[in-house]
Amino acid sequence: MGTTKVTTDFLFCPVATTPEYVDLGQPLPLFLLIQLLVGFLCVLGNSLVCYVFLSRRSLRNQTNLLITNQAFVDMLSSLALIVDRIHELASEPPTPGPPKATLLQIIDCNLWKSEVLIFAPFAVSTFSLTAIAPERWFAIIYPISYAKHFTRRRVKLIIAALWLLGPSLQYFIVTITVSIEGGGCVVGWSTPSVGVLLFFGEYLLPACVMIGSFFSITWKLRSMKRVLGAEIRPIGYWFTEIQNFKVQMSKVSSRRHPGWNWVNRVVDVRRRNVTTTLLIVFAMFIVCWSPNQLAYFQLNLGGHLDFGGYFFQFSVVLAICNACENSFIYALRHKAYRDRVRELYMAMKRRA
């Protein structure tokens, strides 16, 4: 089978399935400007998220550390995206260089034109969000074990592993696909299996983890609401039926919530608020990334994809939007985040 060659001037570099050279061209100027605008919003929004959660010690819990890590890598990917798009708008069309690659060309091809500086933070962000899903699942399903085992130190080790995994995976893909031929930077491989593996590893598997956690958490919260709903009674009820209530709830607790004592059966409203917010974040990840990833997946299976078409351009913008929408979701749904932003705003207003 011949070797496929694909230019790397486009975000989300595809895997083509034919042996000829495929020129992806340049993004439409309108979509380049939209990507720049979204990139600036991403930088501002995620910078605020990082500052809010790091500015107060009480907000630096395990979940918020993972959220802050995701916001930070989204900010880095947005900065790299802005620089890349400004470079595309300002640069002249590329001209063939010398047949023999220089060290500077190799560095430029492997680190810049391969867009690994954009893809690596995107991968870390995806893996970070994937790590949050089981973290929330563990917190809701086994709250006592969660408090015992999910320490800040272990969360920091998870974050360090994510930072090692994401860039390593992306640079490994670069080393086996990117090369310089005829003075140009191209991506070449003889099988679409690389793209298929990326689809499964960076989209389908994280999506399955998020969806599985989403349904499990939703079912658990609904179950807790049904079991504990009987506790919301007039106070007189407790004086007349307290003994029967204790016996009944003890049986239900042992069957549905093993290990919970009398006090821990009360619903943690704060934890449910954070979990509900993150469920929305999981859903938006799937909504934003599905069009782009499914388009590339069918391309790797032998289908056709119009890289200059509006669908592809829109799918790229939608995927980039996933990096900045989380800050707006937190502003609307995360109570601790809203309260801290309000405090910072009032402090600035007093100083002014």
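## Salt bridges

Arg56, Arg340 and Glu343 are joined in a network of salt bridges, a salt bridge being a side-chain nitrogen of Lys or Arg within 4 Å of a carboxyl oxygen of Asp or Glu. The model is predicted, so local features need pLDDT of at least 70 and side-chain atom pairs count only at pLDDT 80 or more, whereas totals for chains, interfaces and linings use all residues. Side-chain values use heavy atoms, with hydrogens and water left out, and residues are numbered from 1 along each chain as its sequence is written.

The structure holds six salt bridges, among them the three listed here.

| Pair | N to O distance |
|---|---|
| Arg56 and Glu343 | 2.6 Å |
| Arg85 and Asp84 | 2.1 Å |
| Arg136 and Glu135 | 3.0 Å |

In the salt bridge between Arg56 and Glu343, Arg56 belongs to the loop between helix H1 (29-54) and helix H2 (62-90) while Glu343 belongs to helix H12 (residues 335-351), so the pair ties together parts that are 287 residues apart in sequence. Helices here are DSSP runs of H or I with at least four residues, numbered from the N terminus.

Arg56 is partly exposed at 32% relative accessibility, and Glu343 is partly exposed at 33% relative accessible area; buried means under 20%, exposed over 50%, and partly exposed in between, with a 1.4 Å probe and protein chains only.

Terms used: Helices (H or I, at least four residues) and strands (E, at least two) are DSSP runs, numbered from the N terminus.
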